[in-house]
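Subject: Structure for you, plus some notes

Hi,

Here is the structure I promised to pass on. Have a look at it first, and then read my notes below.

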Amino acid sequence: MPNPLPSHASVVVIGGGIMGCSTLYHLAKMGVGDAILLERNKLTSGTTWHSAAQVRALRHSQNLTRMIQYSVDLYSQLEQETGQNVGWIQKGSLSIATTPDRLMHVKRQEALAHAWGIDARSVSAAEAKERWPLMNAEDVLGAAWSPDDGRVSPSDVCAALVKGAKSLGARIFENTGVTGILTERGKIVGVETTQGTVMCDAIALCAGLWSREIAEMADSEAPVQPCEHFYLLTKPIDGITGNMPTLSDHDNHLYIRDDSGGLLVGCFEPMGKAIPPGILDENFEFGLLAEDWDHFEPMMMNALHRLPALETAEVKMLLNGPESFTPDGTFMLGEAAETKGLFYGCGMNSVGIASGGGAGMNLAHCIVHGHTAYDLGETDAKRFAPVFNRVEHLMARAPEILGTHYEIAYPGRQLRTARDLKRLPLDAEYRAADAFMGQTFGWERPLYFGKTADTTMTFGKPAWFDNVRREVMAAHEAAAIFDASPFGKIEVTGPDAEAFLQKTCAGNMAKAPGSVVYTAVLNERGTYESDITGQRISQDHYRLFVGTNAIKRDLAWFRRHSEGFDVTLSDSTQDYAVLGLMGPEAARIATETGAPELNDIGYFKVGTAHIAGHHVRAMRMSYVGEASWEITCKSENVRSIYAALVAAGATPAGLYAQSAMRIEKGFCAMGHELDGDATPVEAGMAALTSMKKDFIGRDALRERMKKGPRARLVTLILEDENAVPLGHEPIYLEGKAIGHTTSAAFGYRIGKPVALGYVHLPDPTQNPDGMQVELDIARTMFKGKLQVGPAFDASGARMRVKRD
């Protein structure tokens, strides 16, 4: 008798690859014993079965590294738990550098490893050659050795996870394709399959290559695009004895390991090949794509250079298997914005096996507890602009993303494909002023203005350094215009607008019309969901300003907490343009352009005026530490208003100048200082919360206030003007890592490099103000001083460092 589908399951996992099997296992571990997994064909038959299955722990963020460390621990103990061999081979990994910048990149990673307790260290070219004797090391400058890394057998890992899940009551249904998803009022209620219908409370969408089309069944967006991925397999060759470390030659786009006495040589070529819709249909089971030797030839030449033994090796095959990629190269994990109860675990970008253990645990945690086990904001399923879900943009972007897999992570690196998707109302004016544009949430935004003699990417002083200096000094000494039009804007209207925002925001939103409130938006744990600025326009109308890439996430969050309130929420982002007029000349310019009444607006107040004959609404506040207004107008009127401001002497400035000034002023940003692990207590902003009212997260925040901060947010000013901190550098006190930077830039107004960061002091009651520390930038230590408060304040009261 065939195994019939249940009529109901708490959670339905769609997809039987590593993410689906891991998620099911962890759901069962967390007590969801009636969870089921649906697989259209057989387990692992999509991408997982042909994975090279490398598990390398070190990533660019601490929590992503923590997640893969969980995978390592899980895979190493699964056999003992389940009796199923997973093929865990822990022979380490060796990453070589053949250019100075790659060596710098490797050393930056090594610095993080030391701070995070990971065994990774630099080795010489000679030692690298000893560890991989078949390697041609003539051009190798150095390498990083990580002895705890390893690899697994992907199908065996999935078998072990499934065995563990079944032992706890979970069930697997192979040859069961999903044909539809049932929703009611925007919430998941069931799944239609080829074997019948299952009602459910939640879906974990782990369908890999097919995730986008299944998400569409629920009227949701999962911008995932398959690309071809190649690796070469040879027959046994002399010199391969037993298992060896994985060799990464990222400068040549290669990864290399032993395989059954021969070699496996894979690549992430600079520009991959997207797979058009319709190729990977429902019959694509344990399938491969055609060999493409012409496409692989440049990578083969690189491999022959690195491994001379390949010249005489007998080739088994050139494997071409599909992998799925997202528009930014990071997987999607968490609840969809459009449909409640639909959770994504897909778009793994060729790190499915390495990430799968920890990502599956976090996805299960998100389904069961409403949040991941720790902040994974960079994987948030709601981070992509809707425009990126269009096939033509995915087809253009995904091949480049594949190629960036091994690129050096230079600061300021910009992608080249799928650009100009969303242009600002002043796009033509900015390009005429020689703006260098960057992309955020699909928007093209000026990063800086003016030509640069050298556009080479670097870890050192950037070519645009003086361009940004001019923009900062314009804002400091005269007046600059910062375009904040892409910031998300949410209109909150209705008789319960005040009560709704009092509940969902930590700050006091009950202030009179004409007021501006900067407030935290917290979850039940008292940590940050967002930080926003709200204008109270009238008794029943607020306008909320959120981060550019946060509009989809924040609007979904507010809507899901609006039940029981008589309010309407709408996205007005594209209806309004916002210009920040900032600097000591701003008052004169406001008067000369016909808006002298702006000078009567108090701080954290909003008022109306006319500039160039057009109605504007201006709030008195600053994100850069200079006297200023943020001026909102209808998008169709902004060109005239901008022309009037420029004619009166204002200078356009870009995002790099704004960021540098923000960091000097000590202002926090979501995704940097603020995230799902930080509370206002750690961020030093508990005083901005209104503890007398009842808001989401109040009880947890009150408890954190009693216990004290888990870490302290500080400013770090470096002594060496030539130091180039970028963020994510370890901070050391007397030889011990005590924290890390979260944002960094050159402080043009103080003449020193400056960073924000969190520190964990040995004595929590100790005041870090004035503490002498060191910052590890690529294993070079730079002396600096901690400061509680900003490095720069326009009033001069908090100025600690003078310009030379």
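Let's start with the cysteines. The sulfur of Cys-206 sits 7.4 Å from the closest cysteine sulfur, the one in Cys-346, and that is too far for a bond. To count as a disulfide, a pair of cysteine sulfur atoms has to lie within 2.5 Å. The structure holds zero disulfides. In case the term is new, a disulfide is a covalent bond between the sulfur atoms of two cysteines.

Are Cys-206 and Cys-668 buried or exposed? Cys-206 is buried, with a relative accessible area of 6%, and Cys-668 is buried too, at 7%. The cut-offs: buried means under 20% relative accessible area, exposed means over 50%, and partly exposed is in between, using a 1.4 Å probe and protein chains only.

Before you go further, a word on where this comes from. It is a predicted model, so local features need pLDDT of at least 70 and side-chain atom pairs count only at pLDDT 80 or more, while totals for chains, interfaces and linings use all residues. Residues are numbered from 1 along each chain as its sequence is written, and side-chain values use heavy atoms, with hydrogens and water left out.

Now the strands. Helices (H or I, at least four residues) and strands (E, at least two) are DSSP runs numbered from the N terminus, and two strands pair if DSSP finds at least two bridges between them. Strand β29 (residues 606–611) pairs with strand β30 (residues 614–619) in the antiparallel sense, over six bridges. Gly-607 has Ala-618 in β30 as its bridge partner. Two residues lie between the strands of this hairpin, and Ala-612 there takes a positive phi near 55°. β30 also pairs with strand β31 (residues 628–634), again in the antiparallel sense, over three bridges, with Met-619 opposite Glu-630 in β31.

There is also an open sheet of three strands, in the order β19-β21-β20, with mixed pairing. Its edge strands are β19 (422–423) and β20 (435–440), each of which pairs on one side only. β20 and β21 (residues 443–449) are antiparallel and share six bridges, and Gln-439 stands opposite Glu-444 in β21.

A cavity is a set of points on a 1 Å grid over the protein atoms alone where a 1.4 Å probe fits but cannot get out, and its lining residues have an atom within 4 Å of a point. Grid points are joined across faces, edges and corners, and the volume is the space filled by probe spheres set on the points. How many cavities of 30 Å³ or more does the search find? There are four in the whole structure.

The largest cavity holds about 130 Å³ of space. It is lined by 13 residues, and Arg-56, Leu-58, Gln-109, Ala-144 and Ser-146 are the closest to its centre. The elements giving two or more residues to this lining are β4 (93–97), α3 (100–116) and β6 (142–146).

The second largest cavity has a volume of about 70 Å³. Its lining includes Tyr-430, Arg-445, Phe-482 and Gln-658. Two or more lining residues come from each of β21, β22 (480–483) and α16 (655–665), and β21 gives the most, with three.

Most residues other than glycine have a negative phi. Arg-185 is not a glycine, yet its phi is positive, at about 50°. You'll find Arg-185 in the loop between β9 (178–184) and β10 (187–193), where it is exposed at 86% relative accessibility. Asp-420 also has a positive phi, near 55°. Asp-420 lies in the loop between α9 (391–404) and β19 and is partly exposed, at 36%.

Last, look at Leu-569 in strand β27 (residues 568–571). Leu-569 is buried, at 10% relative accessibility.

Note on methods:
On a 1 Å grid over the protein atoms alone, a cavity is a set of points where a 1.4 Å probe fits but cannot get out, and a pocket is an open set with protein on both sides within 12 Å along at least five of seven lines; lining residues have an atom within 4 Å of a point.
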